[in-house]
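User: I am new to protein models and would like to learn how to read one feature at a time. Could you take me through this one slowly?

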Amino acid sequence: MARLERTPSGRVLADLSGRPVRVHDANVRRASGKRAEAGRTERGVELSSVSHGKPARPGLTWGLACTLVSLSLATGCATPGPVNYYAKDPPALPTLGEEYRLTLIDELAAGLVEGRIQLVELIEDRGTRRVSPIQGRSADFEQFPLAALQAASLAAGSESCGAELDVLVGTEPGVMVKVRHDVDESLHVLMGRAPMALREGEHSAVALKHEFGIGPLIDHGVAWSDADRRALGTALALLDREELAYLHDLPFVRMAGAEDGEHAGFFHVGQGAEGGRIILLDLAFGSDGQHFVGPPERAYPRSIFVILHEIGHAVAELDRIMLIAIFERDRARYNDAVVVANQYVDALNVRYAVVDRLAKSRDRLTVKRDIRTLEKEYRRIKRIMRDAKKRLEDLSDKIQGPPPMTVAYGALANAKLGPTHYGRTSIDEGFAEAFALYHLDPTSIERFSPEVHAWFAGDHHLAAALYPPLDAFEPPPRSSAAPHTRSEP
Ligand SMILES: [Zn+2]
């Protein structure tokens with residue numbers, strides 16, 4: 001007969017592999033136990049208790065805080081770097097007069113020597129000019145526009161090797177100059193136009209919801225301004241319908257800046273926001289007059305990049321949200337099974353307690369038969385629970401790790417090296433940066449990694465999702481020849 005161990009509370013316990021006695025295991029709690037945060041009865045397995053990663057609970061808070069990392073010309077590769085990348089937020093430059101030309105040429109020449117650049121290419125509407133090789137001051141630079149010389153000297157030093165910079169020169173509206181300091185020791189200067197303005201037209205919360213299917217715009221301490229809503233509309237207009245489906249009913253929250261002044265936005269999943277929400281802080285919109293991203297003839301204000309970055313998180317994180325929902329469902333079922341298993345334990349313990357006291361009688365035989373039947377069923381339940389628990393642990397591991405879309409992204413060539421300095425901090429941030437940059441400046445992504453560019457262009461990021469949204473499908477337009485219509489003669 002089983003030796004039944006008693007706990008201080010008098011409950012009967014044993015381990016999962018022993019005799020059929022009360023289920024006891026670190027991951028299982030009785031349904032009658034503590035109260036969970038939401039005031040509901042706690043149900044056995046918690047997300048945190050079956051996982052090995054960062055702590056998380058039902059009512060899970062999941063945030064991806066996105067730091068604004070400005071271009072630092074002091075960091076970067078000292079010699080030709082391993083990979084071309086995109087350098088965010090170069091300083092805006094003032095318009096200079098012709099009297100600065102010689103100084104600029106001197107600066108540029110010094111940078112070129114230091115950066116050991118073999119070729120300078122100026123690309124303008126009217127044609128392309130190449131200067132090579134560089135040996136000190138060159139008369140060829142005297143034909144360059146001043147704005148080109150300014151932007152080129154900013155990127156010519158060895159510390160910028162690999163960098164691509166979108167530089168605004170002048171104001172109201174100024175002109176965009178893109179400079180690429182490639183790792184093959186060439187410098188390319190692309191003369192552009194005035195930066196793009198934010199989208200015109202109706203940008204009320206209702207209009208944005210109607211046009212793009214997003215959720216509400218929420219004011220949290222600070223109100224959405226007209227410019228903020230136009231920036232959001234500009235960003236959403238750059239997405240295709242399959243991508244917009246990922247944002248269906250997704251709330252966008254406007255908040256004041258974080259105290260550290262570093263964060264521009266978050267993607268956040270938590271209690272009351274189980275489907276996630278995008279939070280945009282003051283910093284997301286703060287540098288729109290100075291920093292722009294995109295091809296030089298079509299560069300967008302910095303806020304568009306920030307919004308698309310957060311949208312990239314929302315697209316990738318939908319799988320995690322779905323996995324959490326499945327985990328919550330299965331966790332509840334598992335805990336129901338714990339209750340049933342414990343009922344069997346109670347029923348068996350009652351019989352174990354009496355069976356030895358019964359003399360050899362018909363009653364004893366009946367109880368023993370009962371015990372055999374109950375033990376068999378109990379073993380079956382335990383087997384199912386063991387498998388279910390393994391599944392919950394696997395799910396939990398998946399939830400703790402990066403979602404499938406970012407895992408697939410991380411396997412692409414160069415993915416872990418960019419596409420920006422900030423993108424190197426984690427594969428989640430790398431994906432979000434690449435997502436934003438692909439939509440604003442696909443050529444820039446192609447320069448960083450042709451494989452990453454092809455991956456986005458072929459919609460392979462969406463194909464990598466475990467649970468793509470179905471909202472992308474719309475009913476076909478009604479045909480006038482449909483059977484239920486009848487044209488009058
Ligand atoms: Zn981020």
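Predicted model: local features only at pLDDT ≥ 70, side-chain atom pairs only at ≥ 80, totals over all residues.

User: What is the mean pLDDT of the chain, and where is confidence lowest and highest?

Analyst: The mean pLDDT of the chain is 79, and 78% of its residues reach 70 or more. Confidence is lowest in strand β2 (residues 12-13), where the mean is 27, and highest in α13, where it is 97.

User: Then let me begin with α13; which of its residues are buried?

Analyst: The general idea comes first: an α-helix has 3.6 residues a turn, so residues three or four places apart point the same way. In helix α13 (residues 450-457), the buried residues include V452, H453, W455 and F456. These cover an arc of only 160° around the axis, which puts them on the same side of α13. Among the elements that cover the buried residues of α13 are α11 (427-440), α12 (442-448) and α14 (460-463). After α13 comes D459, which has a positive phi near 55°.

User: How should I read a strand, and is β7 enclosed or open?

Analyst: In a regular strand the side chains alternate between the two faces of the sheet. For strand β7 (residues 163-169), 7 of the 7 residues are buried, so β7 is largely enclosed by the rest of the structure. A163, L165, V167 and V169 point one way, while E164, D166 and L168 point the other way, and all are buried.

User: Which strands pair with β7, and in what sense?

Analyst: Strand β4 (residues 85-86) pairs with β7 in the parallel sense over 2 bridges, and the bridge partner of Y85 in β7 is A163. Strand β8 (residues 175-181) runs antiparallel to β7 and is joined to β7 by 6 bridges, with L168 standing opposite M176. The hairpin of β7 and β8 has 5 residues between the strands, and in this hairpin G170 takes a positive phi near 85°.

User: Where else can I follow parallel pairing?

Analyst: Look at strand β10 (residues 217-220) and strand β11 (residues 252-255), which pair in the parallel sense over 4 bridges, L217 standing opposite F252. From β11, 3 bridges lead on to strand β13 (residues 273-280), again in a parallel arrangement, and here R254 has L280 as its bridge partner.

User: Which residues touch the most other members of the largest nonpolar core?

Analyst: That core has 87 residues, of which A148, A151, A152, V177, V179, V189 and I307 touch the most other members. Helix α8 (residues 302-355) gives the most to this core, with 10 residues. A second, separate core of 13 residues includes F327, Y344, L392 and I399. As for V179, leaving aside residues up to four places away in sequence, its contacts include A151, L165, V167 and V189.

User: Why does D330 count as partly exposed?

Analyst: A residue needs 20 or more other C-beta atoms within 10 Å to be buried, and D330 counts as partly exposed because it has 16 C-beta neighbours inside 10 Å. D330 lies in helix α8 and touches A388, R391 and L392, not counting residues up to four places away in sequence. L395 is 65 residues from D330 along the chain, and their C-alpha atoms are separated by 9.9 Å.

Methods: Residues numbered from 1 in each chain as written. Buried ≥ 20, exposed ≤ 12 C-beta atoms within 10 Å, placed from the backbone. Arc of directions from axis to C-beta. Contact = placed C-beta atoms within 7 Å. Core = buried A, V, L, I, M, F, W, Y, C linked by C-beta atoms within 7 Å. Pairing = 2+ DSSP bridges. pLDDT = per-residue confidence, 0-100.
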